[in-house]
Amino acid sequence: MEKEFAEKLIKLNRVAKVVKGGRRFSFSALVVVGDKNGRVGYGYGKANDVSEAIRKGVDRAKRSMIEIPRQKFSIPHEVNGRFKSAEVLLKPAAPGTGIIAGGPVRAVLEVGGVHDVLSKSMGSQNAINIVKAVFAGLESLMNAREVARNRGKGLKEMWG
């Protein structure tokens with residue numbers, strides 16, 4: 001029943017806590033998962049070993065999946081996603097352009113099944129906040145059919 005998801009590790013962080021006997025290390029992992037067909041989610045897992053942190057991140061990501069409205073293999077319109085001081089601009093691109101994006105944004109769009117998009121990450125360089133900004137942008141995308149339905153019109157009436 002479980003579908004096969006693509007997983008991508010965005011950031012792995014080692015944290016040291018100094019205790020009586022020395023340093024105690026723990027790990028945090030930021031992971032995105034997607035079916036490469038319009039569904040994507042992210043998760044943040046923390047544990048005392050790397051594989052457990054990644055597993056927890058993947059589990060949380062599978063629970064937080066969202067649907068990306070797509071037009072062919074791009075996004076339907078330009079959108080700005082913001083989370084705290086991280087801001088991400090996503091623009092649709094012509095077929096064959098590829099994903100013009102850096103680090104965390106690229107990872108999210110690749111596993112989400114978007115093939116042609118232009119992006120610019122502004123403000124914060126924090127990977128977690130950038131991923132949350134991308135998801136804020138993707139959630140605010142509107143599908144042409146839904147907009148037409150909400151306005152009580154057909155697609156032909158709206159786009160001529």
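D116 sits in the loop that links α2 (103–112) to β8 (117–123), where helices (H or I, at least four residues) and strands (E, at least two) are DSSP runs numbered from the N terminus. The model is a predicted one, in which local features need pLDDT of at least 70, side-chain atom pairs count only at pLDDT 80 or more, and totals for chains, interfaces and linings use all residues. Residues are numbered from 1 along each chain as its sequence is written, and side-chain values use heavy atoms, with hydrogens and water left out.

Leaving aside residues up to four places away in sequence, D116 touches F73, S74, I75, A93, A94, P95, G96, T97 and G98, a contact being heavy atoms within 4.5 Å.

Helix α4 (residues 144–151) has A144, V147 and A148 as its buried residues. Viewed down the helix axis, these fall within an arc of 100°, so they line one face of α4; the arc is that of the directions from the helix axis to the C-beta atoms. An α-helix has 3.6 residues a turn, so residues three or four places apart point the same way. The face of α4 turned away from the buried side carries the exposed residues R145, R149 and N150. Just after α4, G152 adopts a positive phi of about 70°.

Note on methods. Buried means under 20% relative accessible area, exposed over 50%, partly exposed in between (1.4 Å probe, protein chains only).
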